Amino acid sequence: MKRALITGVTGQDGSYLAEFLLSKGYTVYGLRRRTSTPNYENVQHIKEQIHWISGDLTDLASLIEAVRIADPHEVYNLAAQSYVAASWPQPLATGQMTAISVTNMLEAVRLVKPDTRFYQASSSEMFGKVIETPQKETTPFYPRSPYGVAKVYGHWITVNYRESFGMFACSGILFNHESPRRGLEFVTRKVTDAVARIKHGLQQELRMGNLDALRDWGYAGDYIKAMWLMLQQEQPDDFVISTGEMHTVRELLEVAFSYVDLNYEDYVVMDPEFVRPAEVDLLLGDCTKAKQQLGWELEVSFQQLIKMMVDEDMKRVRAEIKYQEALSAALV
Ligand code: NDP
Ligand code: GDR
């Protein structure tokens, strides 16, 4: 039976990956950091099946101990400060959590169990400013945020450990991927949550930034399968994972609002607070290599993804309203 250690297991990708690996019969170890309020929302349904290990990405000793306890065949390094907009006000914390932490995790593996297969969650944000489109494994990086810069470090240190120490270390360059478990500050979820709240009369407007940005949005449930496939190959390598289709934020608004018969123009308000100091105007991935070498295929389209997210947010908001009504009735 294979053992996997996942960092970032409470996040969007970690929760889908844990489900997927459990369904394949893996023993799953999850690293969790101490927080004042425990956050198990994404993994509540599989919480008892995960072997929890306490640790923090910025604390090498805790990572060494995590690798010692899990004795893993595979490590998926997903944990990071993952919100691009937060990386300008917190550039040093982002550097620690998104860049240096990768070396911490690689060192923990190298010192305790160097034959472990290692996956690094790299990002299309490394491409940043458009140099070539569509972007593929050989496209030069030109990051446009402290987050993007940190991910470039994480990518190259992963390649460096592969080439220096012969470790089975892969870097997955994943384009934006979303789901009903996406954090509420990311644009897709911010929009689908607002659609549900506006439809139920709980919100009157939606304050947004740059509506012209173009993104290549896929479904997280499809993308975590690519992570696993990378670690099942004979040789370690780096792969772009994307849909090969891009849409503007404006199109996202159109799809989400019109799905519940609303017009986004009646609700969206431009707010400079959500405009970034430097923008990545366009991301479009070419994942030919992953399709050919990994046999990876996409299952959920952009339209299906956004509708799935609106459906889930509508359900959640209805449940919240019912709960509030029941609570008020009980207090009367
Ligand atoms: P999330 O923000 O949903 O999850 C991040 C996870 O990292 C959470 O479990 C969080 O724990 C954990 N974490 C953060 N800081 C620390 C720390 N110091 N020690 C231990 N754990 C920590 O991200 P996603 O699931 O969306 O993304 C997964 C990875 O993939 C990230 O590295 C992200 O940068 C990268 N990526 C994501 C893409 C996407 O479109 N989703 C695209 C390309 C790359 P807690 O619950 O305690 O906050
Ligand atoms: P991104 O995702 O920065 O691409 O990083 P995000 O959803 O935050 O932004 C996408 C685009 O939408 C524009 N935008 C807004 N974004 C947010 N969050 N809120 C707004 O109100 C808003 N208005 C317009 C942004 O300017 C941007 O162009 C995600 C993260 O998951 C990273 O961790 C990951 O590495 C990359 O995707 C690939």
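How many Å separate the centres of domain 1 and domain 2, taken over C-alpha atoms? The separation is 28 Å. This is a predicted model, in which local features need pLDDT of at least 70 and side-chain atom pairs count only at pLDDT 80 or more, while totals for chains, interfaces and linings use all residues. Residues are numbered from 1 along each chain as its sequence is written, and chains are lettered from A and ligands numbered from 1 in the order in which they are written.

Domains, then. Domain 1 covers 3-178 + 217-241, and domain 2 covers 187-214 + 246-283 + 300-331; such bounds come from an automatic or database domain assignment. Their contact takes 17 residues from domain 1 and 15 residues from domain 2, where contact means C-beta atoms, placed from the backbone, within 7 Å.

Next, the ligands. A residue belongs to a shell if its C-beta atom, placed from the backbone, lies within 6 Å of the molecule. Ligand 1 is surrounded by 26 residues, with Gly8, Gly11, Ala79, Ala80 and Ala121 the closest. Helices (H or I, at least four residues) and strands (E, at least two) are DSSP runs, numbered from the N terminus.

By class, the ligand 1 shell has eight nonpolar, 15 polar and three charged residues. Here Ala, Val, Leu, Ile, Met, Phe, Trp, Tyr, Cys and Pro count as nonpolar, Asp, Glu, Lys and Arg as charged, and the others, Gly among them, as polar. Around ligand 2 there are 21 residues, the closest being Val84, Ser123, Val187, Gly209 and Ala213. That shell has nine nonpolar, six polar and six charged residues, and each of domain 1 and domain 2 contributes at least three residues to it.

Now helix α3, residues 91-112. It bends by about 45 degrees at serine 101, the bend being the angle between axes fitted to the seven residues ending there and the seven starting there. Its buried residues include Thr98, Ala99 and Val102; buried means 20 or more other C-beta atoms within 10 Å of the residue's own, again placed from the backbone. Among the elements covering them are β5 (117-123) and α4 (146-165).

Glycine 154 lies in α4. It is buried because 24 other C-beta atoms lie within 10 Å. Leaving aside neighbours within four places in sequence, glycine 154 contacts Thr98, Ala99, Val102, Gln120 and Ser122. Glycine 154 and threonine 98 are 56 residues apart along the chain, with their C-alpha atoms separated by 7.1 Å.

Definitions and conventions. Buried ≥ 20, exposed ≤ 12 C-beta atoms within 10 Å, placed from the backbone. Contact = placed C-beta atoms within 7 Å.
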